[in-house]
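Have a look at the sequence and structure first.

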Amino acid sequence: MNIYITRHGQTDLNKAHLMQGRTDAPLNAHGRQQAAEAAQQVKGIHFDAVYSSPLQRAVDTASIISGWDKRDIITDERIIEVDFGRYEKKKYTALGLEMWSFWLLPTVFKEPATVESIAHMKERAHSFLDDLSKKDYQNVLISCHGGIMRVLCGILGHKKHELMWNPKPKNCEIREFTL
């Protein structure tokens, strides 16, 4: 099975350099353009299934890239973004040492109180990928978010600690794996 994983297009919260986890911010015009450009990268690929986080920015990105109607996209809570707790909508530059350290080196520093753990993210990602592996698909598009994408890519890429933390996934960057 060929898996194409993408991070959603830009939102106004991304543009303002604010932590955006579970906040359901829509794509901005630039984010829609990014998705349209990403669609050109996979032009000609027939997707047997398109999965998305339930957050609108990911669903819209999935629809634009795949050409699928939003109603046909399979949403799955397990590929929603990290719960940033009290850090939600905080400026990147105002996160404080504890959160900054964790987000930079999650295998070294423990998550701050109220922030979802890497262990929980891995549990969600493994559950999703285990279920996906039981399907008879040739090509699958997954539209999600920067945090959970790092875990999904780490598992699929057989990386140490099951994380592909760096380089950070860019908006509408598409990474390809075989499951």
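C144 is buried (under 20% relative accessible area, with exposed being over 50% and partly exposed in between, using a 1.4 Å probe and protein chains only), and its own value is 0%. Keep in mind that this is a predicted model, where local features need pLDDT of at least 70, side-chain atom pairs count only at pLDDT 80 or more, and totals for chains, interfaces and linings use all residues. Residues are numbered from 1 along each chain as its sequence is written, and side-chain values use heavy atoms, with hydrogens and water left out.

**Cysteines**
- You'll find 0 disulfides here (a disulfide is a pair of cysteine sulfur atoms within 2.5 Å).
- For C144, the nearest cysteine sulfur belongs to C153, 7.2 Å away.
- C153 is buried too, at 0% relative accessible area.

**Cores**
- The largest nonpolar core has 35 residues, and I5, M99, L132, I142 and L152 touch the most other members.
- A nonpolar core is a set of buried Ala, Val, Leu, Ile, Met, Phe, Trp, Tyr and Cys residues joined through side-chain atoms within 4.5 Å.
- A second, separate core of 13 residues includes A38, V59, L141 and I174.
- Setting aside neighbours within four places in sequence, M99 is in contact (heavy atoms within 4.5 Å) with M19, F84, Y87, P112 and V115.

**Disulfide check**
- C153 is in no disulfide.
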